[in-house]
Amino acid sequence: MHDLATDAELPKEGQHLFQLRSLSFNYADGHCALQDIDLDINTGDKVALVGQNGAGKTTLVKHLNGIYTNQTGSLLYKGQSIQDDNLIRARRQVGILFQDPDDHLFNNTIYEDVAFGPMNQGLARDVVDERVRKALERVGLDNLMFKAPHNLSYGQKKRAAFAAIMAMEPEVLILDEPTANLDSKQEQIFAQLLQDFGGTLICISHDLLFLYGLCSRAVVLDHGRIHHDYSLNELVSHRASLREHGLDFTFRFIDCCHSSESHDHSESHDHGESHEHSETHDHLTLSQSDKQTAVRILSPPMEGVPGEKSQVIRLDNYSFQYKDGTWGFKDINMTVNEGEKIAFVGENGAGKSTLAGCILGIKQGAGKYYFKNNLITHSGREKLWRQIGMVFQDSSDQLFCPSCEEEVAFGPKQMGLSPLELEKRVTEALALVKLSGFEKRVPMNLSGGERRRLAIAAVLSMHPQVLILDEPTANLDPRNEELLLHILHNLPVTQILISHDMFFVNNSSHRTVVMHQGSILSDLPTSDFFEDEHLVGHQLDYAYKNICGREIMKMQEAVENGG
Amino acid sequence: MIDTAETIYVPFGGLILAAGLLLPIIVIIIRRSLKAARDRKAGHHHRHEHDWSVPVLDACSNLDSVFHRWDPRLKIFSLLVYCFLVAALTQIIWAFCALIFSLAAVKLAKIPFRNTKRRLMAMVGFLGMFLVIMPLTVPTQPGDLLLFFQPVPVPFNVRGFLLAILIILKAFAIALIMEPLLNTAPLPVTIQALRHLRIPDMICQMILLSHRYIFVFLNEANRMYTGMRVRGFRQKTNLATLHTMGNFLGMLFVSSFERTQRVYDAMLSRGYNGTFPVYTNFSARPKDWLFGIFWILLGTGLLFLDRTGTFIIW
Amino acid sequence: MHISDGVLPISVTIGCFAATIALTAVGVRKTPAESLPKVAVVTSAFFVSSLIHVPLGPTSVHLLLPGLVGILLGPSAFISIVLGLTLQSLMFQFGGITALGANSIMMGIPALMIGWLFKQLKGSTLKGHAIAGALGGFLGTVLSVGFLAALLYTGGEDFLGVGKIAFIASLPVSIIEAIIAYFTVIFLFKVKPELLK
């Protein structure tokens, strides 16, 4: 297990590891991030820190190793305030893994990155070398030790960043959205690594299922204040408080846990507290009827193949080869019918995004591609953008206009539409994604969920016949996710969804295509796909989460029946 | 002035020159269109708009050669001194010799031709300008050889032409030396060696940091650009394109400023205290010293011959 | 537009190196120590920006951006320019290692000047910022090419012709830089005005 540092440094009897008293924090622009935080964290605690996007979670953890100094109130680490020697100690003993691994990997080889922390701890070279090798071996990257970070995949980078923290042998480990953008296989590797960690753990995540297996205590932040501090079991079993904080993720597994029947009853329970914050979240709160649809989005799979006429996309023996000779995918045959919602699943690198790029016309492979029964040639490909829209992964980082209005109008403007039509399209698209009134706002200053929806509006305003979405639910808090699901459900256009999120796939698609190493393994109606026993073999195993999900649902039922 | 210069009239020279100039241009156009057709077939389109590829600096650092085994400190020091000595040359013959030595060094370092070609091509524009403009604009001095390619009325000054050739030879000689200098060790090792050569720590770290994040921002820029293309953006020479490009750059800067803060936080949280830890040790063998002295002597020798005036103008 | 190796007289080459070292040292002193890693990361963004082609009639041009570097980084602009050029020199050989000093002077001093000028002119309105930005973009490039011509002239009268032609040829680029800087500054003013302080 994990070697903790010398006993002399451990807090004395009855002393908390972290002791926060009426801690507040304002940003330079006056925006209040934290307000009157009172919190004790003891050695060995496993804390889940949850709350909506922008609730102040990241700001809070940045205090714990002295990146931010407390403006008001007090913060003690091991009984002393975090400054001078204790600051150095806190930085060496408290490891933080931030969301984007590229922020952690600032050296030109993985080895140097992992060695950076131990070197700053003042360890001897041979000790550092041993630590680096051990840390990289544990995350399975020892063979890539001298590679530059930009040659690694996202999952590998994430693990390298984790190794960089673990090589410091921290006593406290703080993780900010550790599973964001990871496929289920990578996520499981991560869960395993974290379960092996013996020290104090503080984990920020929207993914309560992931937290459920890892943490025992839950601290809920809302608008910079601590709203609850109790056990994780208590949190997950109270749907009302989950919903209050926009954390109700249970809509996700109602279908896949095969207990939707029993759950329908609980749906009618009154969520009395949910209106407390309705002022600020009016546009986010779904009506009760909306909720019903969101919960039961899964419509029955389409019966039979619609006739030839309604075919929108057809690929015959389509292949794509990268410049370096490796295949993106090979000999793909598939069709997409009008109005259909197709999900592409498969591990990272299976060829899903490359295939989307080909359908979109930004990549060209070999083989025949028909769009609406027209063979797409070189010149035809250049015009596909008018018919097919795509919302890329991390599309919210790809907004480049100074106002929402301009952002949404950009595409239609390129189509040469009149100013009057432009205005109409902007209003309409913003209304579709529930961002009416945001016309003059700066996209950069919106929340993550709002930006995601803006990115979708920017494509919808072009009235595409086919909409491709790459990982649309990644990094969204449950409230935003539910809203997104709702929006997509009501969109009549043909949709191609790429996702690792089995709950999302289950809820939002008619048909599921499994890709593996560049070919299609199966192409089934979504309901049949979820019956498929081979799911595990495709590294799409979500059984673990399913078990957690069922346990949580049982607890919720018990609470709701009993209370 | 002009009467002290030697003047030769080349009949039909203008036509010959024109043919000589046109031929390579035609060849280049044909080759480009062939390549474009090939690219189209292979599916690599948008070549002009979208080619922001950055060559990987130390792609050849895993090979093995005299240069790879050379102590990086001595390698950098002696080759840099050599570069400055070459830059000081004034006669074509010795500059030509320097180019030969550079080619030999590239060969010895087992650098693939692709790399050297890329380096040389990057300079062709600037140097080509010299080659075309210098012979036509150099003021005539006594003893100059002027060629009139009839019917072109402007004299072609051979001294200007030779001056341009000298510059090109020196530029190529120095550019080629960069390959064995930089491409035979991983960048962190090279920078580590610079640190040993008394380049301040902070500067070295900044080079490494910048190098690392170039790839991150390239990726960001590419993704953003693809998103723009998919929403119908096509570059044209007009104000709308410049407006979009202005937004694009603005966005790139904003996201880079935001990232600097996050990177700095990540550095702090891993105990950064203003200095980067140093961990590479070098050991110089006598061989390394000898090889270094060889290059410096070679450069000094060239400069000595250059300045003792054995050949005034070749 | 960068100077390649072997163009300038050796005395000027070495002189520019010395001046570059001195100005870098001043820049480092004027920048708070904790900002240096940040300047490095922002430099990567400038590096990437300078790779972007902007169409100009049948051909396309790269951006030099000394004006925008000055506007965004102020007194730290010179370090950023040296750093960016070092990387370009290492990776592409637009101008080699011996010409690094001259290229730094040619781009870095205009960047510093524009940084100062922008601060004087911008005022507090969007319009003021935009016009100061456009002027910065234009003058940044014009001054850089002016320095280029002046440096070439140190090689003797023989180089005057090349200098003049380079100066004239760069005017369209200067205009493009002015327009792009205009729009970039407007964008920044709306989205993240603190970067223009």
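1. Chain C has eight helices and two strands in its secondary structure. Helices (H or I, at least four residues) and strands (E, at least two) are DSSP runs, numbered from the N terminus. Starting at the N terminus, the order in chain C is α-α-β-β-α-α-α-α-α-α.

2. A note on the basis. This is a predicted model, where local features need pLDDT of at least 70, side-chain atom pairs count only at pLDDT 80 or more, and totals for chains, interfaces and linings use all residues. Residues are numbered from 1 along each chain as its sequence is written, chains are lettered from A and ligands numbered from 1 in the order in which they are written, and side-chain values use heavy atoms, with hydrogens and water left out.

3. Of the 197 residues in chain C, 63% are buried. Buried means under 20% relative accessible area, exposed over 50%, partly exposed in between (1.4 Å probe, protein chains only). Contacts (heavy atoms within 4.5 Å) with a separation of 6 or more in chain C are 74% between residues 24 or more positions apart.

4. The largest nonpolar core has 190 residues. Such a core is a set of buried Ala, Val, Leu, Ile, Met, Phe, Trp, Tyr and Cys residues joined through side-chain atoms within 4.5 Å. Phe18(A), Phe130(B) and Trp295(B) touch the most other members. Helix H9 (residues 201-230) of chain B contributes the most, 16 residues. Domain 1 (16-237) and domain 2 (309-541) of chain A both give residues to this core, so it lies between them. Those bounds come from an automatic or database domain assignment.

5. Trp295(B) also belongs to a cluster linked by ring pairs, with Phe67(B), Trp70(B), Tyr82(B), Phe291(B) and Phe294(B). Rings of Phe, Tyr and Trp (its six-membered ring) pair if their centres lie within 6.5 Å; planes under 30 degrees apart count as stacked, over 60 as edge-to-face and the rest as tilted.

6. Over all chains there are 32 aromatic pairs. Phe106(A) and Phe116(A) pair edge-to-face, at 4.9 Å centre to centre and 85° between the planes. Both Phe106(A) and Phe116(A) are buried. Phe116(A) also stacks with Tyr272(B), at 6.3 Å and 20°. That pair crosses between chains, from helix H4 of chain A to the loop between helix H10 (239-269) and helix H11 (286-308) of chain B.

7. Cys32(A) is partly exposed, at 30% relative accessibility. Cys204(B) is buried, at 0%.
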